[in-house]
Amino acid sequence: MGSWSARMKVVSAVCGCVLVAAGAYAATNWVVGLNAGSSGEGQSAAISNLSINAVASPAAGNLLYPGGSGDVVVTIANPNPFPVTISAVNLPTTSTYATGYTTSALATTQTGCIATTPSAVTWNFATATSGSSHALQSNLVVGASGAANNPLVVTLTNDALMAATSPAACANTYFSMPALTGVTATGGAATSTTSPATDAWIS
């Protein structure tokens, strides 16, 4: 009797294991579908404008003189959470002049060399029409906010122009160039331009 009982226990245990395994195997073959219209929620980023400002470093390599052109150094800050690619700039008119300052800090104006004197310093290739568009030689990509190469420092080679009529007071002077009227720029994935960079528009 004891021997029979032991055998029954073994058989019962084996059967129980088989049933559990079979049940588990059967459950993984229950195909579950998806209700129509099932979805998730995403959100696109807001678009913020760039900021372009004068900067003293690195110093301009090509310096202005009457009848000549010189470099302009700027920083471009991108507050967006995505890179921004700039392909062109929009310039003010040829009669919109820069203001001269005594030092690179652009704090104290240079007597006799301000916009209304006039200084006769303008953006190179500006026209009589405000907002004229000028393509950059190479696109500039400013990294996303908080990423490397943002702000991007750029030397715009020979993109300032000093007319031959510029007064003598404008010698040895630092210029705050007139505000750009706009840029052609698009947001989206792109490889950032390494800062500091060199670029220009040539027409």
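How do the residues lining the second largest pocket divide into nonpolar, polar and charged? Point 4 has the answer; here are my notes in order.

1. **What you're looking at.** This is a predicted model, where local features need pLDDT of at least 70, side-chain atom pairs count only at pLDDT 80 or more, and totals for chains, interfaces and linings use all residues. Residues are numbered from 1 along each chain as its sequence is written, and side-chain values use heavy atoms, with hydrogens and water left out.

2. **The overall build.** Helices (H or I, at least four residues) and strands (E, at least two) are DSSP runs numbered from the N terminus. Of the 203 residues, 31% count as buried, meaning under 20% relative accessible area with a 1.4 Å probe, protein chains only.

3. **The largest pocket.** A pocket here is an open set of points on a 1 Å grid over the protein atoms alone, where a 1.4 Å probe fits, with protein on both sides within 12 Å along at least five of seven lines; lining residues have an atom within 4 Å of a point. The largest one holds about 910 Å³ of space, a volume being the space filled by probe spheres set on the points. Its lining has 36 residues, and Asp71, Val72, Val73, Phe175 and Met177 lie nearest the centre. Strand E2 gives the most, with five residues. By type, the lining has 26 nonpolar, nine polar and one charged.

4. **The second largest pocket.** This one holds about 160 Å³. Its lining divides into six nonpolar, five polar and no charged residues. Ala, Val, Leu, Ile, Met, Phe, Trp, Tyr, Cys and Pro count as nonpolar, Asp, Glu, Lys and Arg as charged, and the others, Gly among them, as polar. Strand E9 gives the most to this lining, with four residues; the lining residues include Asn49, Phe82 and Gly187.

5. **A closer look at Ser119.** Find Ser119 in the loop between strand E4 (99-101) and strand E5 (121-123). Ser119 counts as buried because its relative accessibility is 0%. A polar atom of its side chain lies 2.6 Å from the backbone oxygen of Ala98, and one lies 3.2 Å from the backbone nitrogen of Val121. Leaving out residues up to four places away in sequence, Ser119 touches several others, among them Tyr97, Cys113, Pro167 and Phe175; contact means heavy atoms within 4.5 Å.

Definitions and conventions: Buried < 20%, exposed > 50% of the residue type's maximum accessible area, 1.4 Å probe, protein only. Polar contact = N/O pair within 3.5 Å; in protein donor to acceptor, adjacent residues only side chain to side chain.
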